[in-house]
Each structure stands twice: as C-alpha cells, then as structure tokens.
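Please look at the structure shown here together with its sequence. The paragraphs below go through the ligand site and then the packing of several helices.

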Amino acid sequence: MGQQTRVAVVTGTNRGIGLAILRTLASGWAGPLVVYAASRSGTLPSGVSAQPHVKVLPARLSLRDPDSIEALASRVAKEQGVVDVLINNAGVYHYREGISDEERAETLETNHRGTLRMCQAFLPLMRRPGGRVVNVSSQAGRLRWFAPHLRPRFLAKDLTLDALDSLVREYDAAAARGDEVRLGWPAHAYSVSKAALNASTRILAKEHPGVLINCCCPGWVSTDLGAQAGPPPKTPEEGARIPLHLAFGDIGDVTGRYWANDSTADTGVGKVQQP
Ligand SMILES: NC(=O)c1ccc[n+]([C@@H]2O[C@H](COP(=O)([O-])OP(=O)(O)OC[C@H]3O[C@@H](n4cnc5c(N)ncnc54)[C@H](OP(=O)(O)O)[C@@H]3O)[C@@H](O)[C@H]2O)c1
C-alpha cells in the first residue's frame, strides 16, 4: 500500500524563512505531499523546484484580510478535506521605536490577530490525532522583556483568548498615548504581538487536544526582517529548521509550548523553553 499523502499549509512563502521552508519541502520531502504556498501575491516564487511526489499549490492570503483566510480554509477543505500541518510563518516587524499608529496596528493585526484567525479557521480541518500547527514567534516576545507585574497576566492558567485580546488592547491604548514603556511594556509592538502569539498557542493547545500546537523562535536569520537589527548569523534554511522539526519531526506529544535554541545563532532543532 502506498504512503498516505500529507497536506501542509505554509504562510509567507514568497521570501525569507517561509521560502526556505517551501524549498526544503518541495525538494527534500520523502513521501507524497501537497503544499499550499500562501503569500499576499498568490503566486509561486521563481526557482522552487518540486520533486514529482510533491505538489506545490500557490494560494493568496493576507493576514489582515479575514475573508482571504476564510477563502483559503474553504478551498483547502474542498480540495483536501484534511490538513496535516499548518505553519504560520508570515509576520511583520517594524524594527525601531516610535513607529506610527498604523505600523503598530499592522504589527498587532498581522502577528497576533491574523495568525490566531488562521489557527481558528484551520483547526476544524486538522487531522486528529496527529495534526500539527506551528506558529513562528520570536525571542522578542519572551516575557523577560516585560515588567514583572505583566508576566503573570500572560501566563495565567485561566487566560482566555478574549482576555488576551483585552491585554493587547490595553498595551495598544498605552502605546497610543506614548506611555507604554513607563507602564512596563516592551519598547516594540512586535514583542507584544509575539508574546500574545505564544499565549494564544498555549490556550489553543489546551482547547484542542489531538492536535500538537507549538510556537518557536527560528533564531536570528538573514532575511529582510532579520537584517533590520544587524548582520544575522543564520541562513534562511537554518531558520527553517525549528519550524520544520515542530511540523514533521519527533516531538512526542509536546503541545502548547515555546521552542528555541539556547542562542539565536544556534542551528539546532530547538527545545522547549520558557516563553
Ligand atoms: N528573521 C529573523 O531573524 C526572525 C527572528 C525571529 C522571528 N522571525 C519570524 O519569522 C517569520 C518569518 O520572518 P522572515 O524573517 O522570513 O521575514 P521576511 O523575510 O520579512 O518575510 C515575512 C513574510 O511574511 C509575509 N507577510 C507579512 N505581512 C503579511 C500579511 N499581512 N499577510 C500575509 N503575509 C504577510 C511577507 O509577505 P510579503 O512579501 O507579501 O510582504 C513575507 O512573506 C516571522 O513571523 C518573523 O516574525 C524572524
């Protein structure tokens, strides 16, 4: 009997880490695989060559457009019925202080709310048991960058998605007044968006046993986003390693956790760390 075809959805595949994930799957995956390569343009980047047993399908997606998320989920449901792997890689970072209200809104909408919407749209389609969701987060979202009084609010065992969104709105209002750092929030909206992503990963994992839902920092990677902070030590292929491990590797039954290497330059497959 032939191997079962796996179905994967990967976001932000037109460049950076998402493109490296797509290239690795297209050229190096051993069994039959269908990959939905989602990007804002909806086209496949040039130079992606797939082995005969891997089908790469371009898909249009904007994380700021809920209709495009629903449309992609409906299309995949119709064409495949079930999804084995969802890698939420797409994200945005305006790496400087004093970003505009629109840049802050883009950051929170894309990294926090858009990625959460992707999870909520695809979770009903995930294979049970055995489906995997990987949310590509960042060490910038670790709670060590938040004042001690804020940390327990993100870690509360009874935190709900609504309460989490209220927490993000509280940050947003403080940032709009220019008061966020005094109140203990990190200087970058990106950090808050990724801390929220780590928390929503934990909440969703609790709500959806049977699907392994984890988040990770890919390390400091040479992409448009990573290069804003200086010369990154890792290649996009090395940055793809932890997300691919969480999506396809042996992770036992670990779910709801944040994975990273000890240093952002390390090229290992990561381990569970404190968010
Ligand atoms: N590079 C690093 O050092 C580093 C470190 C920690 C975490 N990360 C995380 O790794 C992930 C990938 O980052 P990267 O370094 O590969 O960045 P990148 O090269 O800047 O690529 C970002 C990707 O996200 C897509 N994207 C942005 N906003 C979107 C939206 N509203 N809807 C749909 N797609 C959107 C972009 O699409 P367009 O091309 O259409 O803009 C692009 O494909 C991100 O989640 C990032 O936060 C990266």
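In this predicted model, a polar backbone atom of N89 lies 2.8 Å from an oxygen atom of the ligand, a polar contact being a pair of N or O atoms within 3.5 Å, where pairs within protein also need one atom able to donate a hydrogen and the other to accept it, and residues adjacent in sequence count only if both atoms are side-chain atoms. R40 contributes a polar side-chain atom 2.6 Å from an oxygen atom of the ligand, while for G219 a polar backbone atom is 3.5 Å from an oxygen atom of the ligand. In total 27 residues surround the ligand, and the closest are N14, R15, R40, Y190 and T223; a residue is counted here if one of its heavy atoms lies within 4 Å of the molecule.

The model is predicted, and local features need pLDDT of at least 70, side-chain atom pairs count only at pLDDT 80 or more, and totals for chains, interfaces and linings use all residues. Residues are numbered from 1 along each chain as its sequence is written, and side-chain values use heavy atoms, with hydrogens and water left out.

Two packed helices are described by the angle between their axes and the distance between the axes. Helices are DSSP runs (H or I, at least four residues), as are strands (E, at least two), numbered from the N terminus, and the axes are lines fitted to C-alpha atoms over the stretch in contact, with angles from 0 to 180 degrees between N-to-C directions.

Helix α3 (residues 101–122) and helix α5 (residues 161–176) cross at roughly 170°, and their axes come within 11 Å. These two helices are therefore roughly antiparallel to each other, a term for angles over 145 degrees, whereas angles under 35 count as roughly parallel, 65 to 115 as roughly perpendicular and the rest as oblique. The residues of their contact divide into eight nonpolar, two polar and five charged, where Ala, Val, Leu, Ile, Met, Phe, Trp, Tyr, Cys and Pro count as nonpolar, Asp, Glu, Lys and Arg as charged, and the others, Gly among them, as polar.

Helix α5 also packs with helix α6 (residues 189–207), at an angle of about 175° and with the axes 10 Å apart, which makes α5 roughly antiparallel to α6. In this pair, L161, L164, V168 and Y171 of α5 meet residues of α6 including A189, V192 and A196, contact meaning heavy atoms within 4.5 Å.

Helix α1 (residues 16–28) and helix α8 (residues 241–248) pack at about 55°, their axes 10 Å apart, and so α1 is oblique to α8. I21, T24 and L25 of α1 make the contact with P243, L244 and F248 of α8.
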